[in-house]
Amino acid sequence: SSEDTLTVNFLNRDGETLTATTKEGESLLEVVIRHRLNIDGFGACEGTLACSTCHVIFDQKVFDQLDPISSDEMDMLDLAFGLTDMSRLGCQVCMNKSLDGMTVRVPKDISDVRQDVEMAKQN
Ligand code: FES
């Protein structure tokens, strides 16, 4: 039912906000894939914790409500460009009601640890 429908906004690199519907339990990566959101390079490893291209940044208030970070996610996040205190990997963050309507920011630079950080060198 529509009661179960949640929304999430992605503030993309170009400043455009992409709004997508989602539901409890869906990861941010799954949202991006299912809606085919145009976020370049996002989720390159398909959620296997091998790339860090799904790096997203939260508002403090939202960040504090997220499930605790696993050590595997932490290890991969450490390799992300533009890491902040409110960074997480989108393939590891799943939607729930308290996150409904949140906005997450897509950082300007991404690194795919499997591809020797080409994006960073071009900037
Ligand atoms: Fe690769 Fe999240 S999609 S670490």
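Here is a walk through the fold, the nonpolar core, one arginine and the cysteines of this model.

The model is predicted, so local features need pLDDT of at least 70 and side-chain atom pairs count only at pLDDT 80 or more, while totals for chains, interfaces and linings use all residues. Residues are numbered from 1 along each chain as its sequence is written, and side-chain values use heavy atoms, with hydrogens and water left out.

Let's start with the overall layout. The protein chain has four helices and five strands, taken as DSSP runs numbered from the N terminus (helices are H or I, at least four residues; strands are E, at least two). Going along the sequence, the pattern reads β-β-α-β-α-α-β-β-α. Take the contacts (heavy atoms within 4.5 Å) between residues at least 6 apart in sequence: 63% of them join residues at least 24 apart. As for burial, 40% of the 123 residues count as buried, meaning under 20% relative accessible area, with exposed over 50% and partly exposed in between (1.4 Å probe, protein chains only).

Now for the inside. In soluble globular proteins, nonpolar side chains tend to be buried together. A nonpolar core here is a set of buried Ala, Val, Leu, Ile, Met, Phe, Trp, Tyr and Cys residues joined through side-chain atoms within 4.5 Å. The largest one has 28 residues, and Phe10, Leu28, Ile39, Phe58 and Met102 touch the most other members. At least two residues each come from strand 1 (5-11), strand 2 (17-23), helix 1 (28-34), helix 3 (71-77) and strand 5 (102-105). Helix 1 gives the largest share, four residues. Leaving aside residues up to four places away in sequence, Phe10 touches Leu28, Ile39 and Val104, among others.

What does its side chain pair with? The Arg88 side chain makes a polar contact of 2.7 Å with that of Glu73; such a contact is a pair of N or O atoms within 3.5 Å, and within protein one must be able to donate a hydrogen and the other to accept it, with residues adjacent in sequence counting only if both atoms are side-chain atoms. Beyond four places in sequence, Arg88 also touches residues including Phe58, Asp67 and Leu77.

Finally, the cysteines. A disulfide is counted when two cysteine sulfur atoms lie within 2.5 Å, and the count comes to zero. Cys94 is partly exposed at 34% relative accessibility, whereas Cys45 is buried at 7%.
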